[in-house]
Amino acid sequence: MQGEVAGDGLDVFENEPDVPSELIALDNVVLSPHRAVHTEETLMCLVELVMGNLEAFYFFPQINLYFLL
């Protein structure tokens with residue numbers, strides 16, 4: 001079986017959420033939804049980023065004026 005792909009696992013598709021039916025029909029391909037961002041770690045990072053942005057907006061108004069000009 002040299003030079004052939006035995007199988008593949010895919011979680012990103014060119015025209016998401018539409019997955020080509022040719023891929024779905026293959027027995028040696030495992031398809032998974034693109035969910036890398038949906039982990040506890042990434043959610044916590046997003047919460048920290050949003051909270052930091054809100055704190056900067058409300059507690060440092062002089063910075064906000066600088067960015068709005």
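Trainee: In this predicted model, how many aromatic pairs does the count come to?

Mentor: The count comes to one aromatic pair.

Trainee: Why is the pair of Phe 57 and Tyr 58 called edge-to-face?

Mentor: A pair of aromatic rings is described by the distance of the centres and the angle of the planes. Rings pair if their centres lie within 6.5 Å, and those of Phe 57 and Tyr 58 are 5.0 Å apart. Planes over 60 degrees apart count as edge-to-face; here the planes stand at 90°, so the term applies.

Trainee: Why is Tyr 58 called exposed?

Mentor: Exposed means over 50% relative accessible area. Tyr 58 has 59%, and therefore it is exposed.

Trainee: What makes Phe 57 partly exposed?

Mentor: Its relative accessible area is 45%.

Trainee: Which nonpolar feature of the surface includes Met 44, Phe 57 and Tyr 58?

Mentor: They belong to a nonpolar surface patch of about 1200 Å², whose other members include Leu 43, Val 47 and Phe 60.

Trainee: What is the secondary structure of the protein chain?

Mentor: The protein chain has three helices and two strands, in the pattern β-α-β-α-α along the sequence. Of its 69 residues, 4% count as buried.

Conventions:
Residues are numbered from 1 along each chain as its sequence is written. This is a predicted model: local features need pLDDT of at least 70, side-chain atom pairs count only at pLDDT 80 or more; totals for chains, interfaces and linings use all residues. Side-chain values use heavy atoms; hydrogens and water are left out. Patches are made of residues with over 30% relative accessible area and no salt bridge: like charges are joined within 9 Å, nonpolar side chains (Val, Leu, Ile, Met, Phe, Trp, Tyr) within 5 Å. Accessible areas come from the Shrake-Rupley method with a 1.4 Å probe; for residues, only the protein chains shown count as cover. A salt bridge is a side-chain nitrogen of Lys or Arg within 4 Å of a carboxyl oxygen of Asp or Glu. Helices (H or I, at least four residues) and strands (E, at least two) are DSSP runs, numbered from the N terminus. Buried means under 20% relative accessible area, exposed over 50%, partly exposed in between (1.4 Å probe, protein chains only). Rings of Phe, Tyr and Trp (its six-membered ring) pair if their centres lie within 6.5 Å; planes under 30 degrees apart count as stacked, over 60 as edge-to-face and the rest as tilted.
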